[in-house]
Every structure is written in C-alpha cells, then in structure tokens.
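Please look at the sequence and the model below before reading on. The explanation follows one part of the chain step by step.

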Amino acid sequence: MSRSTTKSGLRLALVAAVAMFGLGAAGVELSPGDAAPDFDLEASDGERYRLSDLVAERAVVVAWFPRAYTRGCTIECKSLAEKGHLIREFDVAYFMASVDPVEDNAGFAEENGADFPLLSDPTKEVATSYGVLHEKGYSKRHTFYIGVGGEILAIDREVQPATSAEDIAAMLGELGVARAASSDAESAGAE
C-alpha cells in the first residue's frame with residue numbers, strides 16, 4: 001500500500017468519523033486528489049441530487065455559500081444566474097449549497113433568477129464532511145470541483161462572489177473539463 005493511498009484512506013476515515021460523531025469541521029480539510037464525500041441532498045428545484053450518480057457521467061461543481069438572502073451570497077447567486085452560460089459551456093453539473101432549509105434556498109433561488117439548483121444541508125452533515133461548516137453554524141464560501149469518478153480536482157477557498165461564474169468557468173477550462181456538445185450547451189446545467 002502506497003503512502004498516498006494510506007494518507008487518502010486516513011482522510012476518508014476522519015471525514016466519516018466527523019460526519020458520524022459530529023466532531024466539528026476543525027480537523028477536516030479536504031484536498032485535491034481526495035475522494036469527494038458523497039451526498040444526497042434536496043434542492044431548490046424540488047429534486048434530490050446524489051453526488052455518486054452525478055459523477056458517473058460528468059464533472060460536478062459545488063459552490064458552498066454561507067446564508068441565503070445575505071449580501072455576498074446574493075451577489076454570488078446573481079453572478080451564477082446571469083453568467084451561467086459560461087459554466088454551461090462545459091459538461092458539468094453545478095450547484096450552490098448551504099445549510100439553509102430547502103424552503104429558504106428555493107425562495108432565494110427564485111428571487112435571484114437562479115436557473116440551477118441550490119442544495120440544502122440543514123443537518124449540516126455534508127458541510128461537516130466537506131470541512132466547510134463554520135463554528136458559528138453556517139457554511140464557509142468554498143467551491144469544490146469534482147471530476148468524473150468523484151475525485152476532488154480543485155478547491156477554491158478564496159471565492160470572489162461578483163466574479164463567481166467567470167472564475168468557475170476559467171477553472172473548469174484550466175482543469176481540462178470536457179466541453180459540452182454544442183447542441184447541448186443550453187441544457188448542460190445540473191439536470
């Protein structure tokens with residue numbers, strides 16, 4: 001067993017322990033190369049999304065945000081809503097995610113014209129497993145880029161809300177994520 005395999009296994013065990021026992025996010029820090037923790041979350045569009053199903057076919061972007069209806073989160077959501085066409089140029093499912101109740105995220109999505117789902121994690125288990133749960137109970141503003149198969153390709157911990165869509169599209173290009181077929185470009189969001 002290689003050292004990197006052992007290290008990855010230990011990280012996954014720690015993530016699982018944190019999720020099971022609610023130890024808090026202090027000791028969890030995922031890195032590129034780690035397996036992304038699976039999730040099955042309800043979204044603002046009334047659907048449920050399971051990461052393991054999504055990454056079987058395409059890359060996934062999960063943009064964690066602190067709280068619906070706050071200034072920075074509104075700016076970020078509007079960026080993704082107004083310039084989401086840049087992201088849809090890639091074969092990727094993309095989401096914003098928070099620990100807000102689904103009802104709050106649904107209203108927030110509607111208010112900001114979001115044409116992509118906002119995931120809700122009110123139990124905070126998924127936020128904890130991703131290491132984004134702030135000690136004050138909301139999620140940190142971090143964006144995860146997850147490749148086909150479920151490996152974390154990159155993590156942006158310095159998200160700029162106003163340029164979020166452009167930054168996500170640029171990172172997808174840098175990571176070499178496949179482009180959406182031109183005939184599917186309009187519908188390549190999180191379906």
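The model is predicted.

Begin with strand 4, which covers residues 92-98. Is this strand mostly covered or mostly open? Strand 4 is mostly covered, as seven of its seven residues are buried. In a regular strand, side chains alternate between the two faces of the sheet. In strand 4, V92, Y94, M96 and S98 point one way, while A93, F95 and A97 point the other way. The residues of both groups are buried.

Next, consider the strands that pair with strand 4. Strand 3, made up of residues 59-64, runs parallel to strand 4 and is joined to it by six bridges. Strand 5, residues 118-120, also pairs with strand 4 in the parallel sense, over three bridges.

Why does S120 count as buried? Its relative accessible area is 4%, and buried means under 20%, so S120 is buried.

What is S120 in contact with, leaving aside its neighbours within four places in sequence? The residues in contact with S120 are L41, E42, S98, D100, P101, V102 and N105. One of them, S98, belongs to the group in strand 4 that includes M96 and points one way. Another, D100, has its backbone oxygen 3.3 Å from a polar atom of the S120 side chain.

Key: Residues numbered from 1 in each chain as written. Predicted model: local features only at pLDDT ≥ 70, side-chain atom pairs only at ≥ 80, totals over all residues. Heavy atoms only, no water. Buried < 20%, exposed > 50% of the residue type's maximum accessible area, 1.4 Å probe, protein only. Helix = DSSP H or I, 4+ residues; strand = E, 2+ residues; numbered from the N terminus. Pairing = 2+ DSSP bridges. Polar contact = N/O pair within 3.5 Å; in protein donor to acceptor, adjacent residues only side chain to side chain. Contact = heavy atoms within 4.5 Å.
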